[in-house]
Amino acid sequence: MRINDKRILKLIRKWLKAGVMEEGNLTRTEKGTPQGGVISPLLSNIYLNVLDLLWEKHCTQYGELTRYADDLVVVCKTKKNAEKAMEMINAIMKKLDLTLHPIKTKLVGMWTGEQGFDFL
């Protein structure tokens, strides 16, 4: 899949070449974007669109995927489905050459009311 809109491509190129301003000093970046940069959500949504499409096509039986930029949660009915959902997300991420954050990624059992989670 490709972005065909030349205006969007030009905007992305400019953002990627803009560098980072820290304490009044401009630092040029070799690759990537700074953590929390304003272009990050756009790039995440473009790149992770594949995750959304593959989930809709192959994985909806495991749970409901909700994604906001590079953050996501899957709500599942059973622990078995949650484990399978985690397996599928990991497989898709590997295909995209990405990894899940090991500290932020976890299964949470909400059925007893003892655990919960904050999303965003």
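Which strand holds Arg-67? Arg-67 sits in strand 3 (residues 64-68); strands (E, at least two residues) and helices (H or I, at least four) are DSSP runs, numbered from the N terminus. This is a predicted model: local features need pLDDT of at least 70, side-chain atom pairs count only at pLDDT 80 or more, and totals for chains, interfaces and linings use all residues. Residues are numbered from 1 along each chain as its sequence is written, and side-chain values use heavy atoms, with hydrogens and water left out.

**Arg-67**

- Arg-67 is buried, at 17% relative accessible area. Buried means under 20%, exposed over 50%, and partly exposed in between (1.4 Å probe, protein chains only).
- Arg-67 forms a salt bridge with Asp-52, with the closest N and O atoms 2.6 Å apart. A salt bridge is a side-chain nitrogen of Lys or Arg within 4 Å of a carboxyl oxygen of Asp or Glu.
- This pair links distant parts of the chain, strand 3 and helix 3, 15 residues apart.
- Asp-52 is partly exposed, at 22%.
- The Arg-67 side chain makes a polar contact of 3.0 Å with that of Asn-45. A polar contact is a pair of N or O atoms within 3.5 Å; within protein, one must be able to donate a hydrogen and the other to accept it, and residues adjacent in sequence count only if both atoms are side-chain atoms.
- The side chain of Arg-67 also reaches the backbone oxygen of Ala-69 at 2.5 Å.

**Other salt bridges**

- The whole structure has 4 salt bridges.
- Lys-104 pairs with Asp-71 at 3.9 Å between the closest N and O atoms. Lys-104 lies after helix 4 and Asp-71 in strand 4 (residues 71-75), so the bridge ties together parts 33 residues apart in sequence.
- Lys-104 is exposed at 60%, whereas Asp-71 is partly exposed at 27%.
- Lys-84 and Glu-87 meet in a salt bridge of 3.2 Å, N to O. Both lie in helix 4, 3 residues apart, about one turn of the helix.

**Nonpolar core**

- The largest nonpolar core has 11 residues, among them Leu-48, Trp-55, Tyr-62, Ile-89 and Leu-96. Such a core is a set of buried Ala, Val, Leu, Ile, Met, Phe, Trp, Tyr and Cys residues joined through side-chain atoms within 4.5 Å.
- Helix 3 (49-58) and helix 4 (79-95) each supply at least two residues of this core. Helix 4 gives the largest share, 4 residues.
- In soluble globular proteins, nonpolar side chains tend to be buried together.
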